Amino acid sequence: MSAIHTWACFLLWISFTTQDKAPVVTVTCFVLEECVLPCNFQPSSEVTIEWFRQDVVVYKFEQNDDDDDDDDDDDDGDSSSSEEHSDQKQLAGRASIFPHLVSSGNATMILRSSGLKDRGTYRCHVHTSNGEHNAKVILKVEAPIQGLSLELSRLSGYEEMKCTVRDVFPAPRVTWMTEPPTFEDLRPVTRVLSNKQGLFNLDSRLKLLNGQPNLIYICKVTTPYGSPPWTASLREREIRGTQGRDLTIPCSAPPYLNNPSLEWSFSNGEDPSHILTYDSRSGHSVATPPWDKHVELDGFRVPFGDGSLRLMDPKHPEHAGSYTCMFSMPYKTHTEHTDVTIDNPVGQRLTSEGPSHWWIVGLVVTGLVLAAVGILAYLKLKGSTGQKPRNDPEEVTELHLVKDPAADSNLNESRPLSVGGTNGQSGLHTSSQLT
């Protein structure tokens with residue numbers, strides 16, 4: 001009997017403590033959004049509802065049988081403590097209940113535009129003609145990650161990946177990885193700072209690994225409240241193509257992305273222009289004019305992580321620039337930047353580039369040739385003019401004399417070989433006659 005009596009007393013004590021203990025509910029709300037603090041009781045008459053924050057009344061509502069439609073502008077408490085007035089002022093105009101639901105046992109409080117200062121433990125106390133009811137609500141306020149930015153930066157004098165998150169609460173944590181994994185230690189430099197609103201900004205930088213191009217750098221950010229982590233990854237590459245020859249711009253997703261959507265864009269120093277969108281739900285891709293005449297995507301390969309783009313009949317410099325592909329899923333993105341250079345064919349290179357500077361070279365060469373010809377003509381003319389005074393006067397006289405038939409015989413008898421100085425053939429002919 002003693003053992004049975006002991007167990008009966010123990011069970012009775014547990015039942016009494018369970019009845020007195022108020023249920024505890026944990027609620028997580030987002031900054032600047034509406035927050036619901038639940039509280040339900042057994043319906044009855046003469047209802048008085050009080051909401052406490054850290055044992056201080058922050059909201060009060062009374063409903064009597066004579067006035068079932070009292071609004072929620074009743075007195076918020078009678079205490080004169082400064083802490084109570086501070087809490088009441090903090091919630092003034094933002095806290096309310098549903099008066100028309102009180103008669104059905106609903107004392108839930110609605111808190112509009114919740115902020116970090118609203119965090120804490122709240123207690124709902126309901127007094128009715130049938131008794132009292134208490135409930136506790138632990139309120140957590142969170143500023144979730146709205147977006148994750150990952151980009152290549154050169155502002156520090158070397159290439160590094162920069163991962164950025166803004167306006168987050170509680171303080172986020174960051175993890176770096178690469179795909180494929182590397183044996184080198186990743187040593188990012190991370191700063192987490194709070195702003196005037198108490199929200200945190202994260203800035204994490206990782207220097208690119210030497211000798212390992214085409215690596216995928218992965219930045220993963222998490223928060224302590226259990227919200228889904230955000231992941232962003234990035235790869236940079238460069239390729240070359242030839243004008244008029246189709247070119248495949250590669251883009252492949254990491255294995256942790258399952259059936260993502262895909263977008264392609266292009267930039268040549270100006271604002272990015274949209275090229276193509278692939279919808280993972282429908283399996284169709286739509287290209288934006290005029291790109292629809294120059295790009296092609298194999299939609300059957302995208303679900304398997306291959307989003308490579310075929311660039312048809314590329315032209316220089318129209319299609320030279322930076323191409324960006326982005327795979328996206330909820331809380332996950334993968335981006336690849338590809339710098340594409342379009343070269344002219346060998347036969348067309350001089351033709352396309354000639355009008356820009358080769359005409360200057362041609363003009364200079366032509367001028368030099370004309371100048372050389374002019375100098376040579378001048379020197380030749382000057383040389384022929386300078387040789388005339390050197391002729392022997394006697395030779396000139398003799399030539400004239402040779403042309404005189406009457407004097408030929410006398411001249412030949414006296415000077416048989418003197419004519420050979422100017423004309424060897426004439427001299428030899430004269431000598432043979434004399435002989």
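Trainee: Before we start, what does "partly exposed" mean here?
Mentor: Buried means under 20% relative accessible area and exposed means over 50%, with partly exposed in between. Asp246, at 41% relative accessibility, therefore counts as partly exposed. Keep in mind that this is a predicted model.

Trainee: OK, and which side chain does Asp246 meet in a salt bridge?
Mentor: The side chain of Asp246 pairs with that of Arg310, at 2.7 Å from N to O. Asp246 lies in the loop between β15 (230-242) and β16 (247-249) while Arg310 is in strand β21 (residues 309-311), so the pair ties together parts that are 64 residues apart in sequence.

Trainee: Is Arg310 buried or partly exposed?
Mentor: Arg310 counts as partly exposed, because its relative accessibility is 37%.

Trainee: Switching topic, how many salt bridges are there by this rule?
Mentor: The count comes to 13 salt bridges, and one of them joins the side chains of Arg205 and Glu160 at 3.0 Å, N to O. That pair links distant parts of the chain, with Arg205 in strand β13 (residues 200-207) and Glu160 in strand β10 (residues 160-168), 45 residues apart.

Trainee: Which residues are linked with Arg205 in a network?
Mentor: Glu160 and Asp203 are linked with Arg205 in a network of salt bridges, and Glu160 is buried, with a relative accessible area of 3%.

Trainee: What about Lys60, which side chain does that one meet?
Mentor: Lys60 forms a salt bridge with Glu62, at 3.5 Å from N to O. Lys60 is buried at a relative accessible area of 15%, whereas Glu62 counts as partly exposed at 34% relative accessibility.

How values were computed: Residues are numbered from 1 along each chain as its sequence is written. This is a predicted model: local features need pLDDT of at least 70, side-chain atom pairs count only at pLDDT 80 or more; totals for chains, interfaces and linings use all residues. Side-chain values use heavy atoms; hydrogens and water are left out. A salt bridge is a side-chain nitrogen of Lys or Arg within 4 Å of a carboxyl oxygen of Asp or Glu. Buried means under 20% relative accessible area, exposed over 50%, partly exposed in between (1.4 Å probe, protein chains only). Helices (H or I, at least four residues) and strands (E, at least two) are DSSP runs, numbered from the N terminus.
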